[in-house]
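Visitor: I would like to learn how to read a model like this one, feature by feature. Please give me the general idea each time, and then the case at hand.

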Amino acid sequence: MISIKVRMFNRKASSAKSQSEAIVRTLSLQPGQHIADIGSGGGYFSLLFASLVGREGKVYAVDTNRDFLKFLKIDSEKKGFYNIETVLAEQDVFPVRDKYLDMAFLRNVYHHLPDRVNYFRNLSECLKKGARIAIIDYDGRGGLSFHRLFGHYVPKKTIVKEMEDAGYRLLEDHTMFAEQSFLIFSPCK
Ligand SMILES: C[S@@+](CC[C@H](N)C(=O)[O-])C[C@H]1O[C@@H](n2cnc3c(N)ncnc32)[C@H](O)[C@@H]1O
């Protein structure tokens with residue numbers, strides 16, 4: 001069951017519709033950077049990030065599902081990546097204790113977080129100067145879909161307002177997806 005789910009996450013993440021190459025280009029990650037992939041799922045993006053930040057860099061794959069993390073640990077080591085640390089999270093706490101994060105990335109995860117303003121307020125303690133938060137999520141466009149039916153979306157305006165309340169400002173608003181927003185924030189302080 002677990003492996004069916006993670007493979008499904010990875011199949012979707014790697015599909016043409018997901019535009020993972022364009023996402024990664026937009027993020028322009030550099031060797032040596034520290035990245036948190038929050039809600040890493042099957043780890044498709046964690047692995048892409050790990051190859052870009054290299055041996056000197058680090059990727060924290062953060063998820064609330066222990067089995068997804070176990071799968072990613074085995075998969076990443078099999079593929080020769082030793083710069084991914086899997087981190088088990090509580091639903092409402094960012095668990096990484098690194099003060100030098102360059103980026104936190106959330107794809108289709110933001111809508112799962114219960115108290116987002118508090119979550120991102122706390123997360124700011126772990127960010128390096130100039131760090132960014134990249135959020136991709138369904139925004140409610142696109143007719144009747146699974147995401148709309150089950151409330152798995154957050155309107156763009158709501159994300160911007162909540163992130164401002166948490167102490168961030170909007171840096172970039174990418175409009176390449178038909179049903180998702182892709183926003184990049186940085187801390188105001
Ligand atoms: C729809 S999947 C997206 C997976 C991955 N980001 C991708 O793009 O393929 C959502 C993931 O977020 C995880 N998740 C849900 N709530 C979370 C939380 N509060 N903190 C961290 N991960 C969470 C789920 O376990 C799941 O792996």
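Visitor: Why does Asn108 count as buried?

Guide: Burial is read here from a neighbour count: a residue is buried if 20 or more other C-beta atoms, placed from the backbone, lie within 10 Å of its own, exposed if 12 or fewer, and partly exposed in between. Asn108 has 20 C-beta neighbours inside 10 Å and therefore counts as buried. Bear in mind that this is a predicted model, in which local features need pLDDT of at least 70 and side-chain atom pairs count only at pLDDT 80 or more, while totals for chains, interfaces and linings use all residues. Residues are numbered from 1 along each chain as its sequence is written.

Visitor: What is the phi of Asn108, and in which loop is its place?

Guide: Most residues other than glycine have a negative phi. Asn108, although it is not a glycine, has a positive phi of about 60°, and it sits in the loop between strand E4 and helix H5 (116-123); helices (H or I, at least four residues) and strands (E, at least two) are DSSP runs, numbered from the N terminus. Gln19 is another non-glycine residue with a positive phi, near 50°, and its place is in the loop between H1 and helix H2 (20-27). Gln19 counts as partly exposed because it has 17 C-beta neighbours inside 10 Å. Tyr82, in the loop between helix H4 (66-78) and strand E3 (84-88), counts as exposed because it has 9 such neighbours.

Visitor: In what order do the strands form the open sheet?

Guide: Strands of a sheet pair through backbone hydrogen bonds, either parallel or antiparallel; the criterion used here is that DSSP finds at least two bridges between them. In this model 7 strands form an open sheet with mixed pairing, in the order E3-E2-E1-E4-E5-E7-E6. E3 and strand E6 (168-174) each have a single partner strand and stand at the edges, so one side of each lacks a neighbour in the sheet. On average, and with direction ignored, neighbouring strands are turned by 20° against each other, where axes are lines fitted to C-alpha atoms, for helices over the stretch in contact, and angles run from 0 to 180 degrees between N-to-C directions.

Visitor: How many bridges join the individual pairs, E4 to E5 for one?

Guide: E4 and E5 run parallel and are joined by 6 bridges, with Ala104 having Ile133 in E5 as its bridge partner. E5 and E7 also have 6 bridges between them, but run antiparallel, and Ala134 is partnered by Ile184 in E7. E6 and E7 are likewise antiparallel with 6 bridges, and they form a hairpin with 5 residues between them.

Visitor: How many residues has the largest nonpolar core?

Guide: A nonpolar core is a set of buried Ala, Val, Leu, Ile, Met, Phe, Trp, Tyr and Cys residues joined through C-beta atoms within 7 Å. The largest one has 48 residues, and those with the most contacts inside it include Ile35, Val59 and Phe105. Its largest share, 7 residues, comes from strand E5 (residues 127-138). Helix H3 is mostly covered as well, with 7 of its 10 residues buried, Phe49 and Val53 among them.

Visitor: Which residues around the ligand come nearest?

Guide: A residue is near a molecule or strand if its C-beta atom, placed from the backbone, lies within 6 Å of it. Of the 21 residues around the ligand, Ala13, Gly39, Gly41, Arg107 and His112 come nearest. Helix H1 (2-13), helix H3 (44-53) and strand E2 (58-63) each supply at least two residues of this shell.
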